[in-house]
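Trainee: Could we go through this one together, a bit at a time? I'll ask as I look.

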Amino acid sequence: MTVMSYLGAIGAAQREAMEADERVVIIGEDVEANVYGTTGGSGKSRADKGDFLQMFGSNRIRNTPISEEVIVGAAIGAAMTGLRPIVDLSYSSFLYMAMDQFVNQAAKNRYMFGGQASLPVVFRSAMFYGLNTGAHHSDRPYPMFMNVPGLKIVVPSSPYDAKGLLRTAVDTDDPVLTFEACTLWGSKGEVPEEEYSIPFGQARTVREGTDVTVVAISSAVPEAVAAAEQLAEEGISVEVIDPRTLVPLDTAAIVESVSRTGRLVVADPAHRTCSAAAEISAIVAEEAFGSLLAPIVRVTTPDTQIPFSPALEKQLYPNRSYIGDAVRRVTGERVSVPPTPEGVDDALSTQAPR
Amino acid sequence: MSLTNEELLEMQRRMVRIRRFDERASKMVKRGQIPGTVHTSIGQEAQVVGACMALGDDDYMSGNHRSHGHPIGKGSPLGPLMAELVGKSGGVCGGKGGSLHLADFAVGSLGESGIVGSSIPIATGAALSSKVLGNGKVSLAFFGDGAANQGCLYEAMNLAGVWQLPVVFLCENNQYALSTPAHTVTSGVIADRAAGFGMPGVRVEDGQDAMAVYDAVSTAVERARAGDGPTLVEVVTYRYNEHSEGLRLGTDYRNADERTQWLERDPIVLFRRHLVETGVATDEEMDALEAEVLDEVEQAFQFSQDSPFPDPEVAFRDLYTEPIGVTS
Ligand SMILES: Cc1ncc(C[n+]2csc(CCOP(=O)(O)OP(=O)(O)O)c2C)c(N)n1
Ligand SMILES: [Mg+2]
């Protein structure tokens, strides 16, 4: 084991995958110069460890023009004909530029062609929310892609998961979209130095508990853990589950946990309507209704756009305080913090995280 | 670049196959034997086959909604194609693609696309894999004059140009996108757009001449295979049928004279005459070839009728390489 950052773990997974298989290539904007820190050593280690361009050469590390539609489409075509591309799309907000290729080609080609095609391709992107980047760079769009059968969706929340899940993504013969949380980039954790992979569709129980199940996604995971620690002091035992992959989703683990605790809070940084939280809530309502002792509560980003000002943005995402309040609500405790954050107008307040 | 007599006859055979296959498909739509509609390549056979014959068996190709000619031109057997149009289990895609989404990976056909322009990046990516793996394969993207106004074409041309990818962009300019005359929505000449990307742009003015198409595409393919990068080839041609079978547009967007003129330049008639005049084949041999193809199409039809419909459970297969379980 060694201690690695989330970003470092992604870089390590990419390097190991490139070393393991010559068919793995990395394409994207500014990958040669390692602008985002995953195609070479990062920080000080960059000088001695070298960049991927030096390690793997310009045939396999390819800077692209700013042309997301053809970057995504060409990666699909390349995957259908023998390569295993990793596409670095930098910001998740840029995926929309290539929506046709994701939805009409990546997701459908294997199916439409009766299984003739396999598409071993990974689309990496980072969600820069919570960093005052404004409405055009703060998206958390994974639920949109959950609505597209044929894609696999990965949302790692720790360095260990980031490395192991990315390796599985590269080794999988289906198109995978990984959504990395920028706010987690610097977070550190224990990571095996050797190669390993984490199977898709297996949730991780981050913390065991008996009173409430909190299913948390991406950056909401550490917030849920922090909330659970606080709640433990109040005598409430919280189980925190990180699904790690949204497609496939470990429904069994979630249902099993709720059947023990009888209560569910879902913390999801995506917009509320048709969020991952909405889907998980619906599944539990369908499959574990008899176990529920209280209504399911979602803690999500309200259905408003992301404002620039730090005074406005911070309040919008699920945090330990909102998650704590939600848990208190489902356990029948009085909510200690006013549920409506300041600055959210009346129209939105009904949808505000609480 | 000169073809053997055998190859010349194969060229004619494939053109006749497309014609008879599409005539049959058209009839089947009218009789309700094909659910939905189809887009025929009738009239455009020289443009399709001239291009396909310039490719090797292992080369890649992607196409569009005018979809039957491309795999037939690349050598795909007719039975599974016909069965696919009917939605049968013996279809080339097991009944999950239909007319719009034919694909036959066995002949390098990476798939036809129902989304105009959408398959151009796919062919570009196939060229990328050839380049990275160094396997010498060339890739060709078929698309229409309508698709020539999609942005993804220009993203693809730029990427192919800057990476010197072995790809041929083949614009089938049949002069209309559905009811819209190309000149009313297209600024300048399509082939001229290549210059902006530093690649050759070739316009084949007589796309009814199979050899003219073959020559132009062969030059582009050789260039690509030699590592010299992409070419844009625009082929001027004409579709004889309506945009899609069964479509009745209230407006007369194509005038009758124009159609008559193009009918006089029927690519199959022209090439047959060429083969007979140059002594490659006799009229009797040509008649025999046409009879053989008719028989092939009849057998393909029989195959499509005899093949069973897929099990309902097949709708849940092939989403992923390993099934992940779908809740119905
Ligand atoms: C993105 C997209 N827009 C519109 C359509 C509807 N549509 C199908 S075919 C077609 C005309 C295409 O014209 P062209 O590319 O010239 O091909 P042709 O039919 O003439 O062979 C249109 C508008 C579509 N399928 N996809
Ligand atoms: Mg057209």
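Trainee: Which residues does B:Arg14 touch, not counting those up to four places away in sequence?

Mentor: With contact meaning heavy atoms within 4.5 Å, B:Arg14 touches B:Val49, B:Met53, B:Ile72, B:Gly73, B:Lys74 and B:Gly75, leaving out residues up to four places away in sequence. Bear in mind that this is a predicted model, where local features need pLDDT of at least 70, side-chain atom pairs count only at pLDDT 80 or more, and totals for chains, interfaces and linings use all residues. Side-chain values use heavy atoms, without hydrogens and water, while residues are numbered from 1 along each chain as its sequence is written, and chains are lettered from A and ligands numbered from 1 in the order in which they are written.

Trainee: Is B:Arg14 buried or exposed?

Mentor: B:Arg14 is buried, at a relative accessible area of 13%, where buried means under 20%, exposed over 50%, and partly exposed in between (1.4 Å probe, protein chains only).

Trainee: And which side chain is in polar contact with that of B:Arg14?

Mentor: That is B:Glu10, whose side chain is joined to that of B:Arg14 by a polar contact of 2.7 Å; the term covers a pair of N or O atoms within 3.5 Å, and within protein one must be able to donate a hydrogen and the other to accept it, with residues adjacent in sequence counted only if both atoms are side-chain atoms. B:Arg14 itself is found in helix H1 of chain B, residues 5–30, with helices (H or I, at least four residues) taken as DSSP runs numbered from the N terminus.

Trainee: Switching topic, how many residues of H6(B) are buried?

Mentor: Ten of the 13 are buried, so H6(B) is largely enclosed by the rest of the structure; among them are B:Cys152, B:Tyr154, B:Glu155 and B:Trp163. H6(B) is followed by B:Gln164, which has a positive phi near 55°.

Trainee: Now the interface: how much area is buried between chain A and chain B?

Mentor: About 3,500 Å², with carbon and sulfur atoms giving 64% of it, where buried area is the accessible area (1.4 Å probe) that two parts lose on being put together, summed over both. On the chain A side, A:Thr81, A:Tyr111 and A:Gln116 lose the most area to chain B, together 19% of what that side buries.

Trainee: How many residues does each chain bring to the contact?

Mentor: Chain A brings 43 residues and chain B brings 40, and 17 residue pairs between the chains are in polar contact, both residues being at pLDDT 80 or more.

Methods. Helices (H or I, at least four residues) and strands (E, at least two) are DSSP runs, numbered from the N terminus.
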